[in-house]
Amino acid sequence: MQIFQSILALLAGVGVFVIGMNMMSDALQKVAGPGMKKLIGKITNNRFAGVGIGAGVTALIQSSAATTVMAIGFVNAGAMTLAQATSIIMGANIGTTVTGLLVSLESLNISLYASVLAFIGIMMTFVKKNDRIHNIGGILAGLGLLFIGLKLVGQAFDNEEVLNAFMNLFQALDFPLLLVLFGILLTALMQSSSAMTGLVIMMAGSGAMTMGDALFVIIGANVGTCFTSLLAIIGSSTNAKRTGFMHLIFNLIGSALFTIIVWIFTDQIQELLKNTGWNKEFQIAVFHVIFNVVTTLILLPFTKYLVKFIEHVVPDKPNELAHTLKFIDRRELRTPAIAVMQVKKEIENMANLAKENLEKGFYEVCNQEGKYDLEIEKRENAIDYINAEVTDFLIKLSPLVTGSNLEQVGSYYHVINDIERIGDHAENLLKDAQHMHEKGIKFSSVAEAELKTMFDTVEQMFAIAIKTFDTSIDVDLKELSDLEAKTDDLKHQLSISHFERLAQENCTMELGGYFTSIISGLERVGDHLVNIGYSIQDPTGNQNERTDNYNFYWE
C-alpha cells in the first residue's frame with residue numbers, strides 16, 4: 001500500500017510541477033511577451049547580440065518554445081532572416097537552463113515558503129479586473145506550485161521500494177546511448193525539456209540515478225525538446241519548417257558532440273563537478289548551462305553554413321502563395337499575447353491581397369485585356385485559404401485570452417469576414433470584365449470616368465481603413481465615414497446619369513446591367529471598409545463616440 005501511495009505522490013508531483021511551470025510561463029508571457037517581441041524585432045545581423053537577446057527573453061518568460069515561436073513569426077513575415085533566427089534559437093537554448101538552476105534550489109528546503117507563495121499568487125489571480133495583478137499572481141502561483149511538485153517527487157523517492165525500482169531501471173539502461181535515447185523519448189512524451197531537467201535533478205539528488213546517468217539523460221532531453229517543434233511545422237510554410245529543422249540540427253550536433261565528450265571523460269567530468277563543493281542538484285544544473293553555452297560557442301561561427309544546409313534540405317516550394325500563412329503558426333497558441341499580434345499582421349496581409357485584387361479587377365473592367373485573370377484567381381484562392389485558417393486559429397485562440405486581447409479576437413472574426421467579402425467583390429469585377437469581353441461590349445469614356453471617380457474614393461477608404469486597423473488610432477474615422485457617405489451619393493448620382501444615357505440611347509440595357517452591378521459592388525466594398533476601420537473601437541462603445549451616419553454591413 002505504501003509503495004502505491006509513493007507512486008501516486010510521484011505522478012502527482014510531476015503533474016503539479018508541470019502545471020506550475022506552465023502557469024508561471026504563461027503569466028510571464030502575458031506580462032512581458034509584447035515587450036519581448038519588440039526586443040526580438042530589433043535584432044541586427046550581430047550574432048552575439050542575437051544569442052544574448054534569445055537567452056535573455058527565454059530566461060525572462062521561461063519558455064524556449066515561446067522564443068522560437070516569435071523568431072518563426074518574424075522569419076515568416078520577412079522581418080528576420082533565417083541566420084538571425086538561428087542566433088535567437090541558440091540563445092533560447094541557453095536561457096532555458098535557468099529552469100534547471102531554479103529547480104536545484106529545492107535542495108534548500110524552501111517548500112514551506114513556496115506553499116505560502118502559491119497561496120498568495122492564487123489569491124491574486126481572483127482579481128479579474130486588473131490584468132497586471134492577475135498575471136503577477138499567476139507567476140507567483142506557478143512558481144510556488146513548481147516547488148510543491150518537486151517536494152512531492154522528493155517524498156516519493158523516500159520510499160525505498162520506489163527508489164530501488166528506479167535504481168534498477170537505470171542500471172539496466174547503463175549504456176550512454178540508451179540513456180540519451182531515454183532522455184529523448186521521455187522529453188518528447190512530456191513535451192518539455194524543463195520538466196525533464198527538473199525530474200532528472202530530483203532523481204539524481206535522491207539517489208535514484210547516478211551522476212553519470214543524469215548527464216547523458218540531460219543531453220538526450222535537449223534533443224527531445226525539438227519534438228514539439230517538429231509537430232508544429234507539419235503543414236506549415238517553408239520558413240517555419242527551416243526554423244524548426246534548424247532547432248533540431250543545432251541540438252543534434254551539440255548532443256552528439258557532448259555524448260562523445262562525456263562518454264570518454266565521464267569520471268573526470270564527475271570529479272570536476274564534485275570538487276566544486278556544490279550539491280548534486282546544482283552540479284547537474286550547472287552542467288546543463290555549460291552544455292548549451294559551449295555548444296553555442298562552437299556552432300555560432302558556422303551559422304552561415306548551417307543556414308545554407310537547411311535551405312538545401314528544405315527548398316522553396318513553387319506557388320506557395322495559396323497554401324501558406326505568412327505570419328501565424330500553430331505554435332503561437334502557446335503564447336496567446338504574441339498570437340493576437342501575429343493574427344493582426346496576417347489580417348493586414350489578407351487585406352492587402354484583397355486590395356490588390358480589387359485594383360487588378362477594376363483594371364480589367366476598363367481594359368478587358370485578360371492580363372490579370374490567372375493572378376486574380378490565385379490571389380482569391382489565397383484569400384479564401386487565409387480566411388479559413390485564421391478563423392480556425394481564432395477559434396482555438398479565443399479560450400486562451402482575456403481582457404482587451406479577448407475583445408480584439410472578437411473583432412477579428414468580423415474583420416476577416418469583411419475582407420473576404422471585399423475579395424469576392426473584386427472577383428465579381430473580373431467576371432463582369434470577362435463577360436463584357438466575350439460579348440464584345442465596352443463602357444463609354446463618360447461611364448468609365450464616372451466609375452473611376454467612385455473607385456478612387458473607395459481606394460482612399462481602403463488606405464484609411466488599413467492604416468486605422470494597423471495603428472488602432474481613430475483620428476481618421478470621421479474622414480472614413482465621410483468618404484463612405486460619398487460612395488452612397490456617387491452610387492445614387494451615377495445611377496441617375498446611367499438612366500439619362502439610357503433615355504438618350506447613349507447606352508444599352510445590357511451595358512447598364514454591368515454598370516449597376518459594378519457601382520453596387522463598390523458601394524458595398526465601402527461599407528466593409530468602414531466596418532474594418534471601426535473595428536478598433538470598444539465593442540461596448542465606451543472608448544470613443546461613433547458617428548451614426550452609417551450602418552454596419554455584414555452581408
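**Notes on a predicted model**

1. Asn387 sits in helix H18, which covers residues 373-397. The model is predicted. Asn387 has a relative accessible area of 19%, so it is buried, given that buried means under 20%. Beyond its neighbours within four places in sequence, Asn387 makes contact with Met350, Ile416 and Glu420.

2. The helix pair H17 and H19 comes next. H17 spans residues 336-367 and H19 spans residues 403-439. They pack at an angle of about 15°, and their axes are 8 Å apart. H17 is therefore roughly parallel to H19, since angles under 35 degrees count as such. The crossing of H17 past H19 is left-handed. In the contact of H17 with H19, 20 residues are nonpolar, five are polar and three are charged.

3. Helix H15 runs over residues 280-299, with 20 residues. From first C-alpha to last, H15 reaches 29 Å. That is close to the 28 Å expected at 1.5 Å a residue. Its buried residues include the run Gln283, Ile284, Ala285, Val286, Phe287 and His288. Also among them are Glu281, Phe291, Asn292, Thr295, Thr296 and Leu299.

4. Val127 lies in a loop, between helix H6 (111-125) and helix H7 (131-156). Its relative accessible area is 32%, so Val127 is partly exposed. Setting aside residues up to four places away in sequence, Val127 touches Ile133 and His134. Gly137 is 10 residues from Val127 in sequence. In space, the two are 8.8 Å apart, C-alpha to C-alpha.

Key. Residues numbered from 1 in each chain as written. Predicted model: local features only at pLDDT ≥ 70, side-chain atom pairs only at ≥ 80, totals over all residues. Heavy atoms only, no water. Helix = DSSP H or I, 4+ residues; strand = E, 2+ residues; numbered from the N terminus. Buried < 20%, exposed > 50% of the residue type's maximum accessible area, 1.4 Å probe, protein only. Contact = heavy atoms within 4.5 Å. Expected span 1.5 Å × (residues − 1). Axes fitted to C-alpha atoms, helices over the stretch in contact; angles between N-to-C directions. Parallel < 35°, antiparallel > 145°, perpendicular 65-115°, else oblique. Left-handed = near helix turned anticlockwise from the far one by under 90°. Nonpolar A, V, L, I, M, F, W, Y, C, P; charged D, E, K, R; others polar.
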